[in-house]
Amino acid sequence: MSKASMAIVILAKNEEGNIAGCIKQHKQHCNVYVIDSGSTDETKVIAESAGATVLTRSWTGFADQRNFAIDTLRAQYEWLTFIDADEEFDPAVFSFVDRTAQQSDIDVIYVSQTIYLNHKPLRHAPGYPIYHPRIARTSRARFSQNQSGHGEMIDSTRDLKTHFLDIPYRHYIISHGIQHWLTKHVGLASLEANQLKQINAGTTRRMRLSLLVPDNLLRPLIRFLYHYLVCGGFRDGRQGLVFSIMYAWFELTKWLVKSETRA
């Protein structure tokens, strides 16, 4: 049986407010799979009603979930595109895979993103370009955990050929509301605070820059100044200010967790 060119994989947990829209936005391009990691709301029911195939797997990290999808769907698809429920990919991304990547030796495609806050695009504050490895050739690609303790990167032990695609996807980072974002990032701060930071072949430019910043109480201020002044977040108006404060708060939370651990 010949393989289909591509499928979309959405990693989800308790995304009943986003999942139907995400599936509807993308299912016109190819089959959609949802890997649910223990939702207690109507995510799975809504996803199936919207036309997606739902698989269930306990959450063990982004890298593991992506590798599970690759292992499960490798026999059926040449490529998998990984999308979160609060994201929208431009149709040109899928056209690129169909027209170009199929005829090349690319293994992993990094896709750029534009961050939206309250449905308004941030043009400066995040510090673009931001790329994530989101499209993987199932016969070759593999993921591993990155230095943050909660993200993913391509497996640096493999000789994988990469391509950087500047067709930004839209990421609505507070689609669940700011309180949900804050609660989620307390947990992420704990993971990062206890993670051993080291540079290897898979370390991104942004992570290398982060490792240069002193791990002390000045770090939240530096993070704020980076987003608001260096990147020009002030040009994004109120949303740029809010974004800069959010990530300064995140750095302060990490400092507090580390301080408590050392006490």
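Mentor: Let's start with a network of salt bridges that links E192, R219, R223, E251 and K254; a salt bridge here is a side-chain nitrogen of Lys or Arg within 4 Å of a carboxyl oxygen of Asp or Glu. Keep in mind that this is a predicted model, in which local features need pLDDT of at least 70 and side-chain atom pairs count only at pLDDT 80 or more, while totals for chains, interfaces and linings use all residues. Residues are numbered from 1 along each chain as its sequence is written, and side-chain values use heavy atoms, with hydrogens and water left out.

E251 and K254 are both buried, where buried means under 20% relative accessible area, exposed over 50% and partly exposed in between (1.4 Å probe, protein chains only).

R219, another network member, takes us to helix α7 (residues 218-230). The buried residues of α7 are R219, P220, F224 and H227. They cover an arc of only 140 degrees around the axis, so they share the same side of α7; the arc is taken from the directions from the helix axis to the C-beta atoms. On the face turned away from that buried side, α7 carries the exposed residues L218 and V230. L218 and V230 also belong to a nonpolar surface patch of about 640 Å², together with L221, I222, L225, L229 and F234. Such patches take residues with over 30% relative accessible area and no salt bridge, joining nonpolar side chains (Val, Leu, Ile, Met, Phe, Trp, Tyr) within 5 Å and like charges within 9 Å. L221 counts as partly exposed because its relative accessibility is 48%. After α7 comes G232, with a positive phi near 85 degrees.

Now for other pairs, out of a count of 11 salt bridges. D84 and R134 form one, with their closest N and O atoms 3.6 Å apart. The pair links distant parts of the chain, D84 being in strand β4 and R134 in strand β8, 50 residues apart. Both D84 and R134 are buried. R134 is also among the residues touched by I109, as are W79, F96 and L165, leaving aside residues up to four places away in sequence; contact means heavy atoms within 4.5 Å.

I109 is in turn one of the residues that touch the most other members of the largest nonpolar core, a set of 30 residues; I10 and W79 are also among them. A nonpolar core joins buried Ala, Val, Leu, Ile, Met, Phe, Trp, Tyr and Cys residues through side-chain atoms within 4.5 Å. Elements that each supply at least two residues of this core include β4 (77-84) and α4 (91-99). Apart from it lies another core, of 19 residues, among them Y77 and V108.

Finally, the side chains of D71 and R142 meet at 2.6 Å, N to O. D71 lies in helix α3 (residues 62-73) and R142 in the loop between β8 and β9 (143-145), 71 residues apart. D71 is partly exposed, its relative accessible area being 40%.

Technical notes:
Areas by Shrake-Rupley, 256 points an atom, 1.4 Å probe, with all protein chains shown as cover. Helix = DSSP H or I, 4+ residues; strand = E, 2+ residues; numbered from the N terminus.
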